[in-house]
Amino acid sequence: MKKFAQRFLYTAGICVFGLASAVRADEADHRPNVLIILADDMGYSDPSCFGGDVHTSNLDALAKDGVRFTSFYNEARCCPTRACLLTGLYAHQAGIGDMNEKTPLAAYSGAIKPTVPTIAEVLRDNGYDTAAFGKWHVANTLQRPQHMSDLNRLTFPKIFAPIEQYPTRRGFEIYWGGIWGVENYFNPFSLVDGETPVKTLPPGFYMTDAINNHATDYIQREAKSPHPFFIYLAENAPHWPLHALPEDLAKYRGQYNNGYDAVRHARYDRMIQMGIIDPKAAPLSPTVADGKWGRMNEQERRFAAGLFQAHAAMIDRMDQGLGRVFTAIKETGRWQNTLIIFLSDNGASDERYEEPGYDRATIAHDGKPIHYDYDLNRLAGDEHTWYYIGRDWANVANTPYRKWKASQYNGGERTPMIAHWPDGIKVAAGSFIRARGHVVDLMATILDLAKAKLPEEFAGEKPHALEGISLVPLLKGSTQIKNYPPLFGEHEGGRSVITRDGWKLIRDRDEKQWHLYDLNTDETEMTDLIDKEPARAKKMIAMWDDWAKRDQVLPKPR
């Protein structure tokens, strides 16, 4: 454990600066512990507490005793969402998304700027113990090999990104996980312990178990620390490739055999029954499968069902690991005063890459090749396959919304969100919070609870004010936050803005025209009102343009 005085030193010589609000080591510190759990590519309707059919008993218990946010937003893709969460700024301000002549809007790349303080840096220097486990993915990659082999044998460089961009240089005292964004669950190549590459893996290694076990061990080790903890638990699951353990796959064999539309309608009906959605305001959006299941033969159906079975098994395994994490918090006496936040970085993914390269491996841990071609005789889950759920199942996972990961529509950027804090949440257990929120609000919320503020100076500059605002009033019983600001989005050319009064303007990355929806009556974005509301649309386009210039989305004028 670092001595408290050391908490006033930003890593890598960035800044030596004490914060007046820090708590002295000899004072009792009753501020809440914080655990943020970020799932990867999990759809809105996947967990059973949001209407899904995946066994998520630990998340269900969290929701039953906590609150569920039904209108919470992310940045629609892995890297930008992580940048927002860790900095309280929009991704472009934080450094994710670069400009060049070939890309008129922000591309999907970058790293958190050295002049932007992270939530871990601020909390660490305000008396918190800080740790991160799992996927990092907010650092520049050093090289892009055409093909990868068994990179755990260190055929890759000894560092996987510039070392100053590692979590341990950005406020996390402890880190274990993968630096890059995609990993083989049985043989991750960019795995590090602190800043040291992990050279060998134990028998039976599985990434999801390892992430949750390291978090569990940390909580147990920190049991006697006088400081509150901040843990960022960034799961890889259920991001592709579809790698799952046999015992988890066995639970779901036979499930999803009725096909895309049947599963999607069953989820939608449960969401209505549970009160997650109002069918009047959120009619089920059209299916993209369009009767495809009925045109498949028996073998094709078996294979297709197997894709979603693996997806479910990966979420199930994540939930099992979270159960161990939650048990450790309880056994160390910190459950009552720990704020746990669970959400997903974006909607389920429609992606499919049909060959290896960049972050996609060629051989498995045993040296045998990994197959990218779909073999109908080999179901998903095996380490020697590299499969994806695809567009049709992503549409199911994101019920009732349109589209998927990387889209500005709600299927891409709306996430299930759970908050649990026995000592602090004053809303009735099991309640729904309908007010809008965004991942950019999490840093402001946590700093509010931690009685911490941004430093006056960081890396020689005055930090940008947080874009997000504290959601604490919602946890204390308010139904809305007064003057909650508009929300903006941009990804690979896709654009969106949501006004305070709930109107949403969208021009997705594959669209040439803007579309306008009233989310108050049309959460599934079914009725385009742009022709009926041209003045409103014009005003909102101007809002987006102003934001894009202010927040460094558009290139600065030459």
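So, quick definition to start: helices (H or I, at least four residues) and strands (E, at least two) are DSSP runs, numbered from the N terminus. With that, glutamate 354 sits in the loop between strand E8 (338-344) and helix H9 (390-397).

Housekeeping next. This is a predicted model, where local features need pLDDT of at least 70, side-chain atom pairs count only at pLDDT 80 or more, and totals for chains, interfaces and linings use all residues. Residues are numbered from 1 along each chain as its sequence is written, and side-chain values use heavy atoms, with hydrogens and water left out.

Okay, two glutamates. Is glutamate 354 buried or exposed? Glutamate 354 is exposed, because its relative accessible area is 52%; the cut-offs are under 20% for buried, over 50% for exposed and partly exposed in between, with a 1.4 Å probe and protein chains only. Glutamate 222 is in the loop between helix H5 (207-221) and strand E7 (229-234). At 11% relative accessible area, glutamate 222 counts as buried. The C-alpha atoms of glutamate 222 and threonine 332 are separated by 8.7 Å, with the two residues 110 apart along the chain.

Now strand E12, residues 487-491. Five of its five residues are buried, so to speak of E12 is to speak of a mostly covered strand. Leu487, Gly489 and His491 point one way, Phe488 and Glu490 the other.

Who's the partner? E12 pairs with strand E13 (residues 494-498), antiparallel, over five bridges; pairing takes at least two DSSP bridges. Leucine 487 has isoleucine 498 as its bridge partner in E13.
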